[in-house]
Structures are given as C-alpha cells and as structure tokens.
There are 4 protein chains.
Amino acid sequence: MSKKIKVGIVGGTGYTGVELLRLLALHPEAEITAITSRSEEGVPVAQMFPNLRGHLDLAFSQPDPKILSQCDVVFFATPNGTAMKLVPELLAAGTRVIDLAADFRLHDKDEWLQWYGMEHACPDLLTEAVYGLPEINRDQIKSAKLVANPGCYPTAVQLGFMPLLEANLVEPNQLIADTKSGVSGAGRGANVGTLLAEASESMKAYNVAGHRHWPEIRQGLNGMSQEQVGLTFVPHLTPMIRGIHATLYAKLNDKETDLQQLFEQRYQSEPFVDVMPAGSHPETRSVKGANHCRVAVHVPPSGDTVVVLSVIDNLVKGAAGQAVQNMNIMLGINETAGLEVIGLVP
Amino acid sequence: MSKKIKVGIVGGTGYTGVELLRLLALHPEAEITAITSRSEEGVPVAQMFPNLRGHLDLAFSQPDPKILSQCDVVFFATPNGTAMKLVPELLAAGTRVIDLAADFRLHDKDEWLQWYGMEHACPDLLTEAVYGLPEINRDQIKSAKLVANPGCYPTAVQLGFMPLLEANLVEPNQLIADTKSGVSGAGRGANVGTLLAEASESMKAYNVAGHRHWPEIRQGLNGMSQEQVGLTFVPHLTPMIRGIHATLYAKLNDKETDLQQLFEQRYQSEPFVDVMPAGSHPETRSVKGANHCRVAVHVPPSGDTVVVLSVIDNLVKGAAGQAVQNMNIMLGINETAGLEVIGLVP
Amino acid sequence: MSKKIKVGIVGGTGYTGVELLRLLALHPEAEITAITSRSEEGVPVAQMFPNLRGHLDLAFSQPDPKILSQCDVVFFATPNGTAMKLVPELLAAGTRVIDLAADFRLHDKDEWLQWYGMEHACPDLLTEAVYGLPEINRDQIKSAKLVANPGCYPTAVQLGFMPLLEANLVEPNQLIADTKSGVSGAGRGANVGTLLAEASESMKAYNVAGHRHWPEIRQGLNGMSQEQVGLTFVPHLTPMIRGIHATLYAKLNDKETDLQQLFEQRYQSEPFVDVMPAGSHPETRSVKGANHCRVAVHVPPSGDTVVVLSVIDNLVKGAAGQAVQNMNIMLGINETAGLEVIGLVP
Amino acid sequence: MSKKIKVGIVGGTGYTGVELLRLLALHPEAEITAITSRSEEGVPVAQMFPNLRGHLDLAFSQPDPKILSQCDVVFFATPNGTAMKLVPELLAAGTRVIDLAADFRLHDKDEWLQWYGMEHACPDLLTEAVYGLPEINRDQIKSAKLVANPGCYPTAVQLGFMPLLEANLVEPNQLIADTKSGVSGAGRGANVGTLLAEASESMKAYNVAGHRHWPEIRQGLNGMSQEQVGLTFVPHLTPMIRGIHATLYAKLNDKETDLQQLFEQRYQSEPFVDVMPAGSHPETRSVKGANHCRVAVHVPPSGDTVVVLSVIDNLVKGAAGQAVQNMNIMLGINETAGLEVIGLVP
C-alpha cells in the first residue's frame, strides 16, 4: 500500500471530533498524526474516550500551525469562528482543510455576521470554499483546497428536496422542513437543556423564530431551484442520541411525474444516498453510525402535497462521515474508503 | 359528601385502561365498581399493575351487562369494534357511556367501514354520539348519553388549528400536521415494532399513505372551517413513552391579526388548554401525566406560514384524562375534579 | 378547614426543589409562601418550570431570614453546606426546618469534614437534628425542630436491610448494596457526564472507592444492628430519569425464619413501605412520582444468601416526598396528606 | 487473497442473527452463502433489516441440510433446542458448527433437561462440544468441530472472576454476580414486558429464584476454581438496547496480591479483554457494537471484598462477535478479522 494520508484534527473533544477519530482510526488509507485541544493538552485521547483504547495512541496537543501544516489534510471540529482564524495559514502552506463548523458554509459575509454574530476573519475565502455536499458538488470538491462541510440538518433537507427542485416539480416558495434531531446535535458542552433528565422522555421544537441552519439550507436550495425558495424550517429536539429525521413537504406543480423513478435516477450513482422502495418509512436507526442518507418519497391521498422522508446520522453523514467522504474525494482515493459501516441495529 | 358516581370500565388491561384507573382511583367523586377483562378474569387489578397496590382492591371480571348497567357511567377502553356491540344495551338501561375507542367518532358509517374494515353494529347511534372534545362541544356533552372520546392525535391537532380555522385566518386546503407520538400510543399489545430494542434510539414516520386519525381530524376541522379542509397528516413514532407533539403548518390569508391574542382569547376559559407566552416552545414533558394541552403560535420570518406547536399526554388529554373530563361534564360535577395533576418534571 | 401551614423553600431551582413544588402545590393543608433562589430572583417559578403553570403563582426571591422565619416550616433544597449557615437563625425564630441536603445527616462532625470537605458551621445541631426516616424515627420526628432528610440511596438501602438487621438474622459484617440510580439523582447542574448523549444507552458504576452516602448508610445500619456493620456499597448510573433500585445481599445466619412474614410484619403499619408478595420483582416505575418504597425478599437456591430488592423514586421517597412526609409528622397532620400519588405507569 | 470461507446462518431473524450479518457482511475473509428462516422464506434479508441494504443481497431460505453442509461453518442463531436436531447431520458432513443458543453449553444432559425442559437430542455431543470462551479454551477451539458459544451474562461474569479464581485469591463459596442487561438480551420476540412503554424508564431484577445462565456460569467458574463455587446471580433488566454490566463481589482470602497487576497479566495477550487502569469505571457504551470486554478491579475501603466491573455488548462479545472470534480461531485466520469495530460513542 502506498504511503498513508497524514491527517490532523483541530478540536478533537466534541462529538464530531470523536466521531472523526472513530472513522479515521480504521480508515485504510489515512493516519491521524495530530489531534489538538487547548484544554486537554497532554491527555491521551483514549483516556477521554475509552472506546478508542487499543485503536489510537495519540495525546491531545496544542494547535500548532507548523505541525498541522505538515498534514495532507486538516479537519476542524471546532466551535464556529475558530477555523477562520487558522485556515489561511494552513492553506498557504499547501494543506487542504475541511471545516466541520459553519465558518465557510455561507457565501455571504453579511449573512455570516447576522447569524453568527461576528465579523468574518477571511471573507475572501468564502467564495473559494467549496460547499461539501458531494451529491451536488463532487467535481468542485475534487479540486478544492478548502471544503465547508455541510451542517446536519442541511444535509438531510437538501438531499430530500434536491430531485424535486432540480426537476422543477414543486412550488419553490412553500417548502416546509419539519426536522427532528437527536440530542448529540447540540454538542458535548455541559448544558442543562440537554441533560438526560431534561431531554429524555420529551419532545419539543426550538428556534422556530430562526435557526442558523435556515440560511444555509435556503442558500443550498436556491442553488437547485429556478426561483428563490420560501422555506419554513422547524427543528425539534428528539429523545435519542443520534439521528436526524427530516419530513419535507412541498406543493406539487406536476402530478404526472413518477417521483419514485425520479429519486432513484437522481441518486443511482450515489454511494451514500439510498432511495427506499415506494411506500417505505426509513428509520433513523438504519443509519446509526453509517454514512448513508435514506430517503423515501410519498404522495399522500390528499393529492397535491409531496412528502419526503430523509434520515441520516447527524454525526456521520451529517458531520464526520461526510467530512471523510470529502477527504476521500479531495485526495482522489476511493470515495467509500473508511466508510463501509453498517447501521447498528438494534 | 354526596354519594359517589359508580363507574365501570370495560377492558381495563391496556394503557388507556390503566390510566383511567390511575385517575379514577383518586377521583374525589367517583368510585370504580366494576372493571372487566375477558382474559384476566379473577386477577386482582393491582397484581397486573403494581403501581395501583394500596389504591384499588378490585379484580377483573367478565363484562356482564347487568352489572355494568348498574353503573352511572361506563368507560370502554376496548379495541375498536368492541363497544359498538355492547353500548345499545347499556344506553337502553340508562347508563351513560364514554367510548375511548373509535367506534363512535366518525359520523359516517361508510367512512367507518372504509377505515376500520368492519360494518358498524349500530349506525343509528353515530349521529346521537357526541364527539367529546369539550373545547368545542361542551354543551352537547352536558346532555349526552354517549360520548365518543377523541383520538390522541385528533385532540392535539384540532386544538392547535381551531382558533385559526374558526377565525378564517388560514387557507383551509393546505393544512399540514406533522405529529410525533410516544410509543404508548401504539398500545400494550405485544408487537415487535414497539419493543424497546426496536423503537428506542430511532425515529420514523409511519402510515404516510393513510392513518385512521386522518378522517377523524378532517371531520373535526371541517366543522370549524367555512370550506372543506385539505389536510396532509404525517404521524411519527418517537422514542419516548408518553406525549404527542403536533407541529402544525398553515398558510396565512391575513397577516394583520394578532395570533397570540387570538389564541389567548379563544382558550381563556378553558381549564385544560394553556396558551404559552409568545415565543414559547412547549415540551411534551410539561404535560406528562397531566390533562393539559399546551399550545404556542409562531409566525417564522419567512412570513406567510403560521406554525402552531401543540403538546398533550396521549394517555391523558389524548385519552383517559379527557374521558374523565367528559364524565365530569356529563354528570354536572366540577370539570377539573380528579384531574388536578401536575406534569411530572423531570 | 383550619389555617394552612405556611411553607418556605430555600433553593427551588433543582430537582428536589421542583419536586417539592409539585407535591406542595397540591397539598391540601400547606401553602407555599416563599421560594428562594439567588440566581433567579424575580423569575416566576412557572416560567422556569412550565409544568407548574396554573398551579403556582410565586416568583423566586432572595433568601431573607425575616421572611423565611414567618413560615411554619422551611425546606432546604440547597447544595450541601448551605443550610447549616441559615438554620440556626430560623430555629431560633421558632421555624421548623427540614434539610434535604446532607448538612445534618451525619452525627459526627469529623465524618462530615472528611466526606464533605468543609468544617461544619453548627456542629452542636448535629445531635439535635433528627434523621428523617419515619420508619425508624417517627416518634423523634414528631417533636423535632430540625429534620435531616435522608439521602436517596440511604432510604432504599436502609429500608431493605432494616428487618433483617433488627431481627439479627444476617452477618452484619458482609453486607453488600448494589444500587442503581436514575440520572436525576445527579441533580440539575450542567454536567457533561449526565448529558443524554453521554448517559443514555449506557450503564456504569461510579465512586466505587467511596461515595458520600456510604457513611450515612453505615451510620443508619449500625443503629439497627447489634454489631458494627461492614458494608460494600456500589452505586451505578442508570439510563433513566427517576428511580433507585437497590439490590441487597447478606449472609443469613438463621435459615429457619420466614423472611416474607418478617418483612410484612415489620412494615404492616407503614403507609409508604409496600412488601410485595413472595417471588416478586418490584419495578422502579411502579413508584414513579409516588412516595412508596416497594421491597421484595428472596432466598435464591444457593441457599445462604438473602437478596432484598428495594425500589423508590429517588426524588420522592428519596427526597421531596419523604420531606413532605416528615413535615406532616412534625406538624401533626395526616402523614399521607399530599402524598396520595399513584406511580405513573406506563 | 485466498478463497473466502463459506458461511451459513440458521435462524437469521433474531438479534444475534442480524448482528452476525452486520459483522460477517464486512468480514474480509468470509462470505455468507446461506441464511435460513422458516417463517421468512423468500424475503430479502435487507428488506427485513434495512440497515443491510447495499451490503447483503441474500434472501431467507428454508434450512436445507444439503445446502448448509456445503458451508465451511454454520452458525445457529436459533431458539434453544433447535440446533441439537440438525447439528449431527452437519458434523457428519464435515461442516463446522457454532451454536449461539444454549444447546451445547452444559456438559450434563440432566442439567440441560432441568433448566431447558426438554430431553437433549444428542447428549453424546455434549462432551465433544467445546465451550467457546477463547480466553480459557482457545486451544480446544482451534481443533473443535462444534463450539457452544457462551451466553451473554456468562461471558461477562466469567471474564470478571477468572483471574481471581485461577489465582485462588477469593472465597469460592460466596461469589455474587449482580448483572444488568440491555433489553435486546431478551430477543426480538413480541413480548409485553420488553415493549418500550414497559421497559423504558424503569429498572427491575428478574429470575432471582433461578436463571438459565446460572448453571452455565457455575459450570465455568467451577472449572477455574479449586473448590466448588457458591454463586448468587441476580440479573436485572436495564432501560437500554445493548450492553451488559456485571458487578461482581467476592471475599478476598489474600489482601497482599496486587490485583491490578494480576488482571493485566492474565489478559495481556487477549485481543478482546481490556483491563482498565486502576480506579476506572468502564461504561457499557464504550463497547457498543464492539467485541471487547472491559474490566476494572477495585477493593473498596471496607477492605475484604473485591469488586470487579465487567462490561460487554451482549450482542457482540456476548453473542455474535464472540461467535465470529470462535470462527476465526477454528479456521486458523486472524482472530480479530472482521472484529475491528470501535464502540459507538456517543
């Protein structure tokens, strides 16, 4: 086998970080050479995450651009606003970057400011960055130096609406995305609202007045649509660890097209989008730990509303798995390398 | 205190049955005098449900119309299609009946046949039965002999849409109800799909092509609306025991009305509908074990879609609690008697 | 009805606090007149805990001894080490105090220092305080001014071992208490370890080398035993919100005694200890929200080891419910007042 | 690569069956050639288990000895009492067999009759069968034709007690195993007791008077001990899908030995037993989906009781993973092949 890809991870103590570690530790062509955490410097990674014992011998280190720039690719699994301060230096050194946070997802710096509450540190990179949804941007990802890995909700919602909008089959101004996420989507930070005793045995919507993924999704959907979309987006906190279930509604403007066939054709070459048979109801657990998005398309008897069900694991196809998929594409190796994981059922 | 109301329960071994027992065992003006189960005859109720030890001394008995007709009111917590066979005899004997199953919910016998797959045994009673949603039918319930207790989804959905439809503020033909239910909604029957190892840590939609609560909701909404409604209804199985979260979407045809005020006024006299402050996101756990419906109304920035969040405990306001509320109304006692329960948080 | 008991609660924002509120808001003879929280001053209680909407109109206030001393009884639901600073002043003013924290549980100030890491502020009160386990100290509680409400594990473990030790039927130096607690036992503080995404779908022991409830249990068991006890205590974090299951093991030194009868006789007059029929396995959910302890006693075929199963709701009989029971006893009202709650099943 | 191992699976519709499929579908040296189910004949496996879509193209077939005997190895993931009827014919044909049920675990046919309630169909094979716990029987497994894969509890308990008993450091007649299992251990059969609405948010012991794994564990421990063991075994149903946590107690008869060192040395060459650092508390989630057993050994301050914490995934090291490990050993390939899975955290 040829020399392995040298991988660095900045910010390895959150859920996207440990999920990157789980996938990359077993990746046949990659080797983790640096993992950083300001707060946990010197702590062996496997001490913090005992599931990695025997699989990874690294300790957390300070984020040192000199060391990171020796990597072939660096993943940022940091809070929003961190990557944008370090990325220019790494790109200058020729290191490829995949950012799992939101720093490079929005094309417009004013929109970034509005939704993330801070000036962008390198707005010129916003246009250079490639939005890392392979199902629509695979070619640009191949040659990208900087990939903005999509958010979890945006992945599930865009993959569900994509065939319909591309084919111009629905009214773009009345899209509804009712989305349900497991609690790990809120991250590993200490927080009363995501304690088991608070979030278990309960269901609630949140951020109905505005969620940061809304502009990201709208930007993506606009790219697929002939007209500007109107999107109502309601996220819900669901009492489970992993998984996103997006239930998508749109008004059909053409009732003749075979939607099942449309979806199957659109995704027939996609290794990680699985169009379920007609009449199916995908379960989030079918992708637990796996990089697949499973979708099903329905037209209920009322007749003029199409319902798309789209499920992913928010930490895999919605974060770390998609990041590895992007890495594979950027570095020209097999797109599915390291991602041959079957959903953990039961 | 005056003589207590004599209560009979037919079919006490399911979840709506045991929930009736929990509420009625502590009801200040009711006394359970008979509880039936063909399969568990002779078994003390508290042996099957140890949480009732010390609170209830009855044993299950065979359903005997003679004994049941000595009750002031009989609840049916039986599978669909059971009550309709016994109810005429009880009504003839002057006993009031509250059916927690679907036997008397639909006004149209053909629709019953279509959705429940059997001929109705007493179609003439379909028009006599009062649909037991007190917030809309309180007066008829007062004088009713036979009350059809609403389904769980229909309760949450109707209470959420009601103020909007009554005020004619939304397009009635594009209503969407995305609903999430805890697993107890599927009943206490042995079933692979609702095993903990199947339904926990997962989320899925089901019956997108048609759910029995769809015609029931549509019938109710039509009663509130000036035009026939068009409703897309998607139920989801959620990994929790109790709770329904209905997320309702409609297109506003009037953007000037103060919706918060509309909801507060509509429900200001309702003891069990709590309109949350503007901007709220009600949690299902806030009504766990309680008879309240909590609702919040939002208009997200996209502008022409109203979003209503409506939560209930499917076994209380969605079943047994609402049944007790109906009993209280029918028998002229305090509507909240026996229902002063605070949601169990955490 | 006579004038209601005036109740104050110091520290009402944690789980024992909100559970006190749930029980006291419906208590027929008590009235909450003050509830304090330094951090939440001015915030309506029902805003923080929406399950209380419609049941409680108070707002949090600063803890003011002048106001608190106007109460008949004050509950402390504060972190360890807080009550001991305020209690002397309240007692001097004639107000009774029930402390739900650990400040007055241990009789020995050095042991307090060792396990809680701070000097005791009023060591002279340690002997005056009555340990509030009604099943053993009911008479002292009746006349107590200051009650130390037992810990959750100690309640379940002591009630399980009590009949055996009092009757001198087991080797006191080889007691084992394997205990499993729901996550609410860890409190409402923001903490990574009790996030849903960390604590759900997992089981672990903790503090095997020493848990603060160990000296408390040992002190209690020593009071029941003719010899000093030797106790191995292993607590486990269990993926559920509420409930403690204590599995207790002891070596029998007398195999002739009918243990079922022994337990039934010991607890025959106790309103909140329910000895299950021989062969039973009590479930924690049977006491979810209720003040009962359910116990079962087994002698497995191996023959010389007795196994006691003891379940409580850690927030009710293990905290707030037992505190209300103590209040009822101290104030001479019906011991079960306000505690007629049936476990929420399912 | 050489020709792949041909694998058959009898009874592939339960949880151990689908777990075998998950592991074997990605095994680098094995190929599933037949999978049987009487009830699901003709149904594509991936239709029943959508997580396998894209990974496995087989359909269930009738169990045909002719086809099965063409396999190199056949796994039985059937109910107890099924394998013993088919195994002799397969062995005669030269096919190796690994039984995941209990048919060949007990050496004594009378004990089988007593605990499983049926005469054994091929008692002569009971002595030929090798008990498939590689950590103690690796050499016999290498040459075995028939392996009895251990039960889930027995795996966790035996691996925890083994170093202590082999070194004769504890009193063998006072062993206590308090074990907690996720609900998947009860299988995929429709059963009221394991419904989410019954088993979630609750904890209970079961079968205290006698569990089928008790004689199996006792047989195994006797093989490690110089004297007959006395074992008290109490299993508990825990509200999670996967995982076993065994908490083991024994009385030390030697307090000088360094137990940490003892455990580390005993398991230093074992690829799937991980001795945690002193003071650790292994979590079941650290092995979720993985074939590892993680153990920690403690001596709490009371002094003469040793506490061992032992965690496995009941479906992996407790069933399908260990079965694959046995297959690897029997067929002389790398023992860890196909088992390089990292626990899914969070």
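**Close-up views of helix pairs, a sheet and chain contacts**

**View 1. H8(A) goes past H10(A) in a right-handed crossing.** A crossing gets that name if the near helix is turned clockwise from the far one by less than a right angle, and is left-handed if anticlockwise. The model is predicted, so local features need pLDDT of at least 70 and side-chain atom pairs count only at pLDDT 80 or more, while totals for chains, interfaces and linings use all residues. Residues are numbered from 1 along each chain as its sequence is written, and chains are lettered from A, with ligands numbered from 1, in the order in which they are written. Helices (H or I, at least four residues) and strands (E, at least two) are DSSP runs numbered from the N terminus. Here, H8 (residues 152-166) and H10 (residues 213-224) of chain A pack at about 25°, their axes 9 Å apart. Axes are lines fitted to C-alpha atoms, for helices over the stretch in contact, and angles between N-to-C directions run from 0 to 180 degrees. H8(A) and H10(A) are therefore roughly parallel; that label covers angles under 35 degrees, with over 145 being roughly antiparallel, 65 to 115 roughly perpendicular and the rest oblique. Among the residues that meet are A:Tyr153, A:Phe161 and A:Leu165 from H8(A), and A:Ile217, A:Leu221 and A:Met224 from H10(A). Contact is called when C-beta atoms, placed from the backbone, lie within 7 Å. By class, this contact has nine nonpolar, three polar and two charged residues. (Ala, Val, Leu, Ile, Met, Phe, Trp, Tyr, Cys and Pro count as nonpolar, Asp, Glu, Lys and Arg as charged, and the others, Gly among them, as polar.)

**View 2. In chain C, H1 crosses H12 right-handed.** H1 (residues 15-25) and H12 (residues 316-330) of chain C have axes that come within 9 Å and cross at roughly 45°. That makes H1(C) oblique to H12(C). Look for C:Leu20, C:Leu23 and C:Leu24, among others in H1(C), meeting residues of H12(C) that include C:Ala320 and C:Val324.

**View 3. Chain A has an open, parallel sheet of six strands.** Read across, the order is S2-S1-S3-S4-S6-S5. S2 (30-36) and S5 (130-131) of chain A are the edge strands, each pairing on one side only. Pairing takes at least two DSSP bridges between the strands. S1 (residues 5-10) of chain A is joined to S2(A) by six bridges, and A:Val7 stands opposite A:Ile32 of S2(A). Helix H12 (residues 316-330) of chain A lies across S3 (73-76), S4 (96-99) and S6 (146-148), running at about 160° to S4(A).

**View 4. Chain D meets chain C.** In contact here are 42 residues of chain D and 40 residues of chain C. Elements giving two or more residues on the chain D side include S7 (175-181), S10 (244-251) and S13 (305-312). S9(D) gives the largest share, four residues. That side of chain D has 19 nonpolar, 15 polar and eight charged residues.

Key. Contact = placed C-beta atoms within 7 Å.
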